[in-house]
Amino acid sequence: MGSDHTHRRWSHLRKVLERSGPFCRPDFEPSPDTLQFLLENCKILVIGAGGLGCELLKDLALMGFRQIHVIDMDTVELSNLNRQFLFRHKDIGAYKAEVAAKFVNNRIPGCNVVPHCCKIQCKDESFYQQFHMIVCGLDSIIARRWINGMLLSLLNYEDGELDRSTIIPMIDGGTEGFKGNARVILPGLTACIECTLDLYPPQITYPLCTIANTPRLPEHCIEYVKIIQWPKENPFESAIDGDDPQHINWIFEKSNERAVQFGIQGLTYRLVQGVVKNIIPAVASTNAVIAAACATEAFKLASSCSASLNNYMVLNNLDGVYTYTYEAEKKEDCMACSQIRKELQISDSKCKLKDLIELLCERPDMQMKNPGLTATIDGRNKTLYMQTVPSIEEKTRENLSKSLIELGLYDGCEINVADITTPNAILLKIKFPENDVEMSQI
């Protein structure tokens, strides 16, 4: 009885997997073994259990994937319930990954969704190496960049040739309001997240050194109060709640004081709300379409039953339904996936360290958040500036106003840059203008 039921249950998949067709990849061989691989062996990681993540888990489980892991650090909130359908009112306050996994496991017999309630940065290389593919349902560009860097770090090259057995495909979905996109990334072969960084809207984050020392915008004042002043003064003995008028009022007043101190205009209560809450509109139907596209690509990659998306699909269902696909091209000098030596052209050798940090944050192909810099100078490892460790930040703060030459950096000198956007430090070679090279070597 059970065997007959299982056979009927997957009959729609058998029609696709057990016979050939005009859209099959050249390496596709019709066989019942493919379905068995999907059901028993294929291991998928879903990153995010929010609007996209709930749809992805449901779609993947109903398409025959049983070995699914999901990772998410967030807990269920009341505002999630209008579209994140795996959650109920009783789940508010519980970890999303745990609730979603339990729901899918109970609803779909044989499915084994394993939850991980933590940040993706908490897991090491061995954790990510166990998966056949990774499907992302993230609302953070920083998290996308980090997992992109992790998958690139798992690649092996032999005599400059990529070992294709080390490739773990990444399927990335993103939505905002009535717009969305889905893409397929084969690390080392196709365009990665960093190759197409300029497609994303500019990051709404600011270097800590700027907001702490030289604020220029009202947003800098708000970020200062949010990141530095709130933890220090702890006015309500709790984390910031963007929906609490008392919290927003306190941040508005303190931000206004700082704006007056630095002669900055344009700070409003509404701006404070926008910066604190970082609201991204969410529409259930957009999530459903993008998740369906991502799940379909996962099925195609796992089975070879059809050619994969090549490689970026855009959806706009604001006025009717419009979609198109194009091939995002791999950048030969990509900061993340290219094998060439990375150089950083400096316009002036008198450039100060704080200007270099701003360059790393503002360049479209870098968009770092809080970079920490070290360099080997005269055979000694020297920390130039480290923003994320308060004790080191305090000791190296004076370096911000020094020029690169004063710090001992010269043309061709290499600096290591660590940032939240990447799991591994990036090695950059400093290049001064030709007429400044002699000065830097004096």
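These legends walk through several close-up views of a predicted model.

**View 1. How confident is the predictor along this chain?** The mean pLDDT of the chain is 88, and 94% of its residues reach 70 or more. Residues 438–442 are a stretch to treat with care, as their pLDDT stays under 50. The model has 7 contacts beyond four places in sequence for residues 438–442. Where pLDDT is low, the predicted coordinates should not be read in detail.

**View 2. Thr-286, a residue of helix α12.** Thr-286 sits in helix α12. Is Thr-286 buried or exposed? Thr-286 counts as buried because its relative accessibility is 0%. Leaving aside neighbours within four places in sequence, Thr-286 is in contact with Thr-175, Gly-177, Phe-178, Lys-179 and Gly-180, and also with Leu-315 and Asn-317.

**View 3. Helices α9 and α10 packing together.** Helix α9 (residues 218–233) and helix α10 (residues 245–261) pack at an angle of about 115°, with their axes 9 Å apart. The two helices, α9 and α10, are therefore roughly perpendicular to each other, and their crossing is right-handed. On the α9 side, the contact is made by Cys-221, Ile-222, Tyr-224, Val-225, Gln-229, Trp-230 and Glu-233. On the α10 side, look for His-247, Trp-250, Ile-251, Lys-254, Ser-255, Arg-258 and Ala-259.

**View 4. Helix α10 again, now with helix α11.** Here α10 packs with helix α11 (residues 269–277) at an angle of about 110°, and their axes are 10 Å apart. That makes α10 roughly perpendicular to α11, and α10 passes α11 in a right-handed crossing. Pro-245, Ile-248, Asn-249, Ile-251 and Phe-252 in α10 meet Tyr-269, Val-272, Gln-273 and Val-276 in α11.

**View 5. Ile-426 in strand β15.** Ile-426 is found in strand β15 (residues 426–431). With a relative accessibility of 17%, Ile-426 counts as buried, because buried means under 20%. Not counting residues up to four places away in sequence, Ile-426 touches Met-368, Ile-415, Asn-416 and Val-417. How far apart are the C-alpha atoms of Ile-426 and Thr-323? They are separated by 36 Å, and the two residues lie 103 residues apart along the chain.

**View 6. Backbone details in two loops.** In the loop between α9 and α10 we find Asn-234, which has a positive phi of about 45° although it is not a glycine. Asn-234 is partly exposed, with a relative accessible area of 35%. Ser-304 lies in the loop between α12 and β9. Ser-304 has a positive phi too, near 65°, and is a residue other than glycine. Ser-304 counts as buried at 11% relative accessibility. Asn-311 is found in the loop between α12 and β9 (312–316). A cis peptide bond joins Asn-310 and Asn-311, with omega about -15°.

Key:
Residues are numbered from 1 along each chain as its sequence is written. This is a predicted model: local features need pLDDT of at least 70, side-chain atom pairs count only at pLDDT 80 or more; totals for chains, interfaces and linings use all residues. Side-chain values use heavy atoms; hydrogens and water are left out. pLDDT is the predictor's confidence in each residue, from 0 to 100. Contact means heavy atoms within 4.5 Å. Axes are lines fitted to C-alpha atoms, for helices over the stretch in contact, and angles run from 0 to 180 degrees between N-to-C directions. Helices (H or I, at least four residues) and strands (E, at least two) are DSSP runs, numbered from the N terminus. Angles under 35 degrees count as roughly parallel, over 145 as roughly antiparallel, 65 to 115 as roughly perpendicular and the rest as oblique. A crossing is left-handed if the near helix is turned anticlockwise from the far one by less than a right angle, and right-handed if clockwise. Buried means under 20% relative accessible area, exposed over 50%, partly exposed in between (1.4 Å probe, protein chains only).
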